[in-house]
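Q: I would like to learn how to read a structural model feature by feature. Could we take the general idea each time, and then the case at hand?

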Amino acid sequence: MPLPAADLTHLLRNRPELAGAPSLDMLERLLARPELAIPVLLDLDSDCHTVSQAIQAAGGETTRDGLAGMVRDPRGRLGEVLDLLAGHGLIELDGATVRSRHRPGLWAHPFGLGRPLRAFEKKVTAETLKTMVKAFGGQPAGRKADLVTQAEELLRDSAAVRARAARLPRQAATLLESMVSGAPVLEAEQIYYGSISPAHPVQRLVDAGFVIRDGWQYELPGEIALALRGDGWKPELTGQPDVPGERRAETDGVSAALVAVDRVEALAELAGTEPIAELKAGGVGVREVRRLAKALGLPEQQAVLFLDVAFGADLVASEQGERLVSTTLVDDWTARSTGDRWRVLAEAWLELPQAATHRVVGCCEEHLDPLPPPYEFQCEAGRIRRAVLETLRTLPPGVGTDAAGLKAAVAWRTRAVAEAAHAADEFVVAALREGEWLGIITDGALTALGRAVLDSGDVAERFPAPATTVTLQNDLTAIVPGLPAPDLAAFLNACADLESRDRASVWRFSEQTVRRALDAGTSAGTLLDGLARFSAKELPQPLRYLVTDTARKHGAIQVSSAPSVVIATDPAVITELCGAKALRKAGLRQIAPTVALGTLSPDETLRLLRQAGHAPVGLAADGTIKAERRQRRRLPVEGHDDPEFDAEAAARALLSGGAGRPEPGSAEETLLEATVTGEPIVVVWQRREHYMDGLEIGPGTVTGYCHDCDDVHTLERAKVRKAYLP
């Protein structure tokens, strides 16, 4: 049944990956593929899982009233859940009819029940069915179909079935209980090797008529499990479990967000001037993380979070697996407004598949060793993070909770909690901790910024305008309220040291910091003019004296090459330098009253002189003072600012014929399908087969990674005559 335009728009908004389908026919085929639907279903809540299983248990097609009779619905959620499943393309709603898009269904055993007895009619012998009928007090008669009917009638007496189970030996009863609770099938290799003993618990269940052997499997029929679960057993739609919350002081999260933006910017600049070393095995080691944390003035866990976020936002990238370097996207990012910069970081964090501050796989005890940052890896932390935020979103503004209060609701929202049971609690804690450092959460409650970013609202208006002026103090400090404008921050970083960052940023001037600016080629006059331009009031006299005094001493010693030549205006200075023990490595010898030659390179000589407390400058080959500017590197990367997805436009394109209506079964259609699903594909090109994945369609071309050639190929689509899914 064709989808109306409004329903198609809603579907594509929930599943934008399907917008690349070239036609409605292919869209319908993609919606019917279970392997594409299962991840979508797993991201929905437990009530959606319950209704999906009920539809499957009903044979894949039923009615709304039929479903209402199959489940308990004290909160009246059935209609909402059906709309949610339909909106994600998992079912079709046709009036009162509810139809699954997947036959037989997405669940191996809906509600943890085995197959009904009718499913075994052709698979087992008549003797097996007679054994079951006798075990439950009947007199076997007729053919297999009659025996199945007899057994079904006997199993409707749930009290008699439970009484029969109560007489089983203890081990057999324990095994039966585990099969009733949700593991209705046992593989033969799970329970024994070789021939099975008549005393084995599973064989006792077979002899007692509770379990049917089908080849190498032992299965508990669904009718027996329902009888043992009790009269009137039905699954229940519970809705989200209550979250215990307490009133918190409402915050906007801006203070933490400003710190995050500032520290990520500092990290990106650091990676541009002093690249972050990587381990040979990949990632950043503990020692380098400590260096990074010290340079940023942050705890190690917080530094790791910002490293993961910067890497996820492509602000830093790996250069040949040896070092992390800032990228060409940094300059564009720093030029944006503060709100836009923060949104980039927040969205990068939301998309991380791992927990930055608890970097483990979490699937079992063997995979709980921490993995080095910042590389991404698949685990359940990302799904748990989204469930935490969605749960907090249901609380009123200003109401917060803790990890223990979130546990039940998060487990209801995502199966990831059960799939990563060994680390799920830590993943919840990590989500709360990281959210606080980014300004999305405060004290277990969503901030105004957090709600805005989750609702795709405007966050720019919540940030104060960047400060363009600085307050210069007599104690040689500079105070900037809020976040400084980029040009102001760059100026202060060049001539002062950042001491603290909170609601206000504080820089401190010293002889060393002023000398650093002079070393970079700035004159005293230029520095004083810059300070006057940015200062909110007249320059303090101590700061003016510091600049002029440092400038007066700056350059009294000059270093040239030959391999190095040291020149001083005062002959006594040259005599002092040549006799200083601290400069013995420089190998200085006086050849004139104001000139000495050294054995080291000019750069090494400059370093030793500065370590000894002097303020030398380097000379260029023409005798002019050489400015020393730190080299800043940028690793080229492609921009990732895709235009905002327009579900309505995508729906109109599909309804009008999609991307050119490729011929069904053609190579072009197969290429487009692989592009949408991300599946590997075999492309026949120049008489060779290429096993490719990661396909991207361009104007007249298709690009993807070829595993056979270990290279990226860009092929002309018109010349691809054959392509197929392996």
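Q: How far apart are the mean positions of the positive and negative charges of the protein?

A: For this reading, Lys and Arg count as positive and Asp and Glu as negative, while His and the chain ends are not counted; each charge is placed at NZ of Lys, CZ of Arg, CG of Asp or CD of Glu. In this protein the mean positions of the 81 positive and 100 negative charges are 3 Å apart.

Q: Which conventions apply to the model and its values?

A: This is a predicted model, in which local features need pLDDT of at least 70 and side-chain atom pairs count only at pLDDT 80 or more, whereas totals for chains, interfaces and linings use all residues. Residues are numbered from 1 along each chain as its sequence is written, and side-chain values use heavy atoms, with hydrogens and water left out.

Q: How many helices and strands are in the protein, and is it spread out or compact?

A: Helices (H or I, at least four residues) and strands (E, at least two) are DSSP runs, numbered from the N terminus; the protein has 31 helices and 28 strands. Its radius of gyration, taken over C-alpha atoms, is to be set against a globule rule of 2.2 Å times the number of residues to the power 0.38. The radius here is 35 Å, well over the 27 Å that the rule gives for 726 residues, so the protein is more spread out than a compact globule. Along the principal axes, the C-alpha trace spans about 125 × 65 × 55 Å.

Q: What share of the residues of the protein counts as buried?

A: Buried means under 20% relative accessible area, exposed over 50%, and partly exposed in between (1.4 Å probe, protein chains only). By that reading, 47% of the 726 residues are buried.

Q: Where is S326 placed, and what is it in contact with?

A: S326 belongs to strand β10 (residues 323-326), and it counts as buried because its relative accessibility is 0%. Contact means heavy atoms within 4.5 Å; beyond the neighbours within four places in sequence, the contacts of S326 include A268, G272, R633 and L635. A polar contact is a pair of N or O atoms within 3.5 Å; within protein, one must be able to donate a hydrogen and the other to accept it, and residues adjacent in sequence count only if both atoms are side-chain atoms. A polar atom of the S326 side chain lies 3.4 Å from the backbone oxygen of A268, and this side chain also reaches the backbone nitrogen of G272 at 3.5 Å.

Q: Which peptide bonds are cis, and which residues other than glycine have a positive phi?

A: Most residues other than glycine have a negative phi, and most peptide bonds are trans. Cis bonds here include the one joining R103 and P104, with omega about 0 degrees, and the one from P373 to P374, with omega near 0 degrees. P104 lies in the loop between β3 (97-100) and α7 (126-135), and F111, whose positive phi is near 60 degrees, is found in the loop between β3 and α7. Q320, in the loop between β9 (316-319) and β10, has a positive phi of about 60 degrees.

Q: Are F111 and Q320 buried or exposed?

A: F111 is buried, with a relative accessible area of 15%, whereas Q320 is exposed at 68%.
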